Amino acid sequence: QVQLVESGGGSVQPGGSLRLSCAVSGDIARINLMGWFRQAPGKQRELVAAINRRNYTNYADSLKDRFTISRDNAKNTVYLQMNSLKPEDTAVYYCKIHSGTPSEGYREVWGQGTLVTVSS
């Protein structure tokens, strides 16, 4: 079984920082892409950031100056450093991985999410 366990969420004041972690365990052939999404109340789930095995990254345009994604392939863990947090960053943040090989096929797995609340 494959598990994605997010941690690091919580409450923070505007301007503060949080660091999210997502640890992947289980029978995974290869993790190709790791990313973070978020969903605020009444809004669609949106991409925050993604990173591949070569450390190529992409971000939502509005977040790239404040958020940084990184990964540790040896630990099968992806991180999201969030700085200068704003109230509009309040959301449930979800980790997602894309894994597989041409011979074994591909799959996507989602974590259950961690809540980030930014308020004064």
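**Group meeting: rings, strands and core**

The count of aromatic pairs here comes to two. The rule is that rings of Phe, Tyr and Trp, taking the six-membered ring of Trp, pair if their centres lie within 6.5 Å; planes under 30 degrees apart are stacked, over 60 edge-to-face, and the rest tilted. This is a predicted model, so local features need pLDDT of at least 70 and side-chain atom pairs count only at pLDDT 80 or more, while totals for chains, interfaces and linings use all residues. Residues are numbered from 1 along each chain as its sequence is written, and side-chain values use heavy atoms, leaving out hydrogens and water.

Back to the rings. Y94 and W110 make an edge-to-face pair, 6.4 Å centre to centre with 80° between the planes. Y94 lies in strand β9 and W110 in β10, residues 105–110, so the pair ties together parts 16 residues apart in sequence. Strands here are DSSP runs of E, at least two residues, numbered from the N terminus. Ring pairs link F37, Y94 and W110 into a cluster.

Buried means under 20% relative accessible area, exposed over 50%, and partly exposed in between, with a 1.4 Å probe and protein chains only.

Y94 also has a charge over its ring: the charged end of R45 sits 3.7 Å from the ring centre. Elsewhere, R19 lies over the face of Y79, at 4.3 Å from the ring centre. For this, NZ of Lys or CZ of Arg must be within 6 Å of the ring centre and within 35 degrees of the ring normal.

Next, β9 itself. Nine of its 11 residues are buried, so β9 is largely enclosed by the rest of the structure. Which strands does β9 pair with? Eight bridges join β9 to β4, six join β9 to β10, and three join β9 to β11. Each of these pairings is antiparallel; two strands count as paired if DSSP finds at least two bridges between them. S99 in β9 stands opposite I31, and R107 in β10 is the bridge partner of S99. V92 has L115 in β11 as its bridge partner. A hairpin through three residues joins β9 to β10.

K96 is also in β9. K96 counts as buried, at 16% relative accessibility. Its contacts (heavy atoms within 4.5 Å) include F37, E108 and W110, not counting residues up to four places away in sequence.

Now the open sheet. Four strands form it in the order β1-β3-β8-β7, with antiparallel pairing. The edge strands are β1 (3–7) and β7, each pairing on one side only. The twist averages 15° from one strand to the next, where axes are lines fitted to C-alpha atoms and angles run from 0 to 180 degrees between N-to-C directions. Six bridges join β3 to β8, and L20 has L80 in β8 as its bridge partner.

L18 is in β3 and is buried at 15%.

Last, the core. The largest nonpolar core has 30 residues, and V24, W36, L80, M82, Y93 and I97 touch the most other members. Such a core is a set of buried Ala, Val, Leu, Ile, Met, Phe, Trp, Tyr and Cys residues joined through side-chain atoms within 4.5 Å. Strands supplying at least two residues each include β3 (18–25), β4 (31–39) and β9 (91–101).
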